Amino acid sequence: MIVPATTALLICDLQNDFLHPKGAYARAGQTSADIAAVPARVAPVAEKLRKAGGWIVSTHFTLVPGKGGEPFVSPHLRKLRPFLAKGDFAPGSWGQDLIDELQPADMKVEKVAYSAFFMSRLEWVLRKAGIETLAICGIVTNGGVASTLRDAHVRDFHTILLSDGCAAFKREVHDTAIASLSAISPVATCAEFAASL
């Protein structure tokens, strides 16, 4: 049974720079219909959990600026996304923020790697808030979502993976990730989870 007061919808990286037509990825032509469809399915879940007294926690992929504002970009990410530039995913920027459709979040946590737990304050704030259950959604299924869910699992949080509340750039990659993660976490659709509240 879901106890809303100790449950959070953990939204991984549904940020303007990833999703908005004026964001960094769209400017570079890196868009996906599957990813674009996620917020509309997640928004009713967020609204129902808010009304039930639960938490909305969003993670924010962040490119930390160095001297002159040029971002620190990990070599593997530079190879995958060479278009990332000064100002993209900058702390406190519009591009780094949660998309309007899912605002407001009760807590926002910056992240610098796939897992939102890596070198962040996420676990600390979840424990302080008394959160025990995480319904995890966002992008991408095989990256930030998978890494964050696995880290939550080893930290003894109860997790629920929202299968249609996340997406990847390729449908088959998403499907494979969901199948893999189902070995360590219950899986539900957004509608199923909302109905359980």
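Tutor: Two strands are said to pair if DSSP finds at least two bridges between them, and the strands themselves are DSSP runs (E, at least two residues), just as helices are DSSP runs (H or I, at least four residues), with both kinds numbered from the N terminus. This is a predicted model, in which local features need pLDDT of at least 70 and side-chain atom pairs count only at pLDDT 80 or more, while totals for chains, interfaces and linings use all residues. Residues are numbered from 1 along each chain as its sequence is written, and side-chain values use heavy atoms, with hydrogens and water left out.

With strand β2 (residues 55–61), β1 pairs in the parallel sense over five bridges, and Leu 10 stands opposite Val 57 of β2. With strand β4 (residues 133–139), β1 again pairs in the parallel sense, here over six bridges, and the bridge partner of Ile 11 in β4 is Cys 137. The pairing continues from β4 to strand β5 (residues 158–167), which run parallel and are joined by six bridges; in β5, Leu 161 is the bridge partner of Ile 136.

In a regular strand the side chains alternate between the two faces of the sheet. In β1, Thr 7, Leu 9 and Ile 11 point one way, whereas Ala 8, Leu 10 and Cys 12 point the other way, and all are buried, a word that means under 20% relative accessible area, with exposed meaning over 50% and partly exposed in between (1.4 Å probe, protein chains only). Since six of the six residues of β1 are buried, the strand is largely enclosed by the rest of the structure.

At 1.5 Å a residue, the 15 residues of helix α4 (residues 38–52) should span 21 Å, and its end C-alpha atoms are 22 Å apart, which agrees; the expected span is 1.5 Å times one less than the number of residues. Val 38, Pro 39, Val 42, Val 45, Ala 46 and Leu 49 are the buried residues named in α4. They cover an arc of only 125° around the axis, which puts them on the same side of α4, where the arc is that of the directions from the helix axis to the C-beta atoms. On the other side of α4, Ala 40 and Lys 51 are exposed, Lys 51 with a relative accessible area of 68%. Lys 51 and Asn 16 are 35 residues apart in sequence and 25 Å apart in space, C-alpha to C-alpha. Following α4 comes Gly 53, whose phi is positive, near 95°.

In helix α8 (residues 171–181), the buried residues are His 174, Ala 177, Ile 178 and Leu 181. Seen down the axis of α8, these fall within an arc of 100°, so they line one face of the helix, while Thr 176 and Ala 179, on the other side of α8, are exposed.
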